[in-house]
Amino acid sequence: MDLEKLLEVIQAQRHDFLNHLQVISGFLQLNKPERIREYIELVTADMSVMSQTSRFKIPELTAVLLVSFNEAAKYQAEMKLTVNSNLGGCTVPGPVVGRALESVIDSFLANLCSSVSCTKIFKVGLSENGTGYTICLSSPAFFIEDPVLLKKDLEPVKEVLNKYSGELRTSLLRDRIKIFLDLPGKQGKWADYWLTGSCQSKAL
């Protein structure tokens, strides 16, 4: 994790907070309470998206996603986050998960097509299944300048994850590109033991 990028996030949040106060103060001076209510609702919605990053049991993942929101804006892109798991049982070390996702998002942003003038919205979803966890980045394929080059850029991530029984997959289906990070979790009869530190689970 690049600490300078994390500091940029903190500075940006401070700037946004001061800007919100100035906007609300302006509406107060203009005696427009309805506009204040609408603005607060808008800010609250934005904050609720960012707050999803605090749900993870992997702090490195939280840091990477916070930075990614900020980095995406530099590329005229917007990241939509969907969180359906806190990855609490992931067996891949936190720093490895963080670096893997950071590399995927950085490679994706670096390969964005400069000729596309609209805001490039991409999705990052985190979920779990019967064997572990999946982090999926998806976007319209035309956002990417060269999918083959992007896949090549992701090879180092794939090699690292393989060392921890993880996997990186890419797919191009119906004009949509998807990048999957499959991460193993503590499963089966040992799940309760690992998650609670106790041998008293019924599964045993």
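Reader: Is the crossing of helix 1 past helix 2 left-handed or right-handed, and what makes it one or the other?

Author: Helix 1 passes helix 2 in a left-handed crossing. That name applies if the near helix is turned anticlockwise from the far one by less than a right angle, and right-handed applies if clockwise. Helices are DSSP runs of H or I with at least four residues, strands are E runs of at least two, and both are numbered from the N terminus. The model is predicted, so local features need pLDDT of at least 70 and side-chain atom pairs pLDDT 80 or more, while totals for chains, interfaces and linings use all residues. Residues are numbered from 1 along each chain as its sequence is written, and side-chain values use heavy atoms, without hydrogens and water.

Reader: Why are helix 1 and helix 2 called roughly antiparallel?

Author: Helix 1 (residues 3-29) and helix 2 (residues 33-51) pack at about 165°, with axes 9 Å apart. Angles over 145 degrees count as roughly antiparallel (under 35 roughly parallel, 65 to 115 roughly perpendicular, the rest oblique). The two helices are therefore roughly antiparallel.

Reader: Which residues of helix 1 meet helix 2?

Author: Among them are Val23, Ile24 and Phe27, and the helix 2 side includes Ile36 and Tyr39. Contact means heavy atoms within 4.5 Å.

Reader: What makes strand 4 and strand 5 a pair?

Author: Seven bridges join strand 4 (residues 167-173) to strand 5 (residues 176-184), and the two run antiparallel. Pairing takes at least two bridges found by DSSP, so these strands pair. Ser171 stands opposite Lys178, and Thr170 has Ile179 as bridge partner. In the hairpin, two residues lie between the strands, and Arg174 takes a positive phi near 55°.

Note on methods
Axes fitted to C-alpha atoms, helices over the stretch in contact; angles between N-to-C directions.
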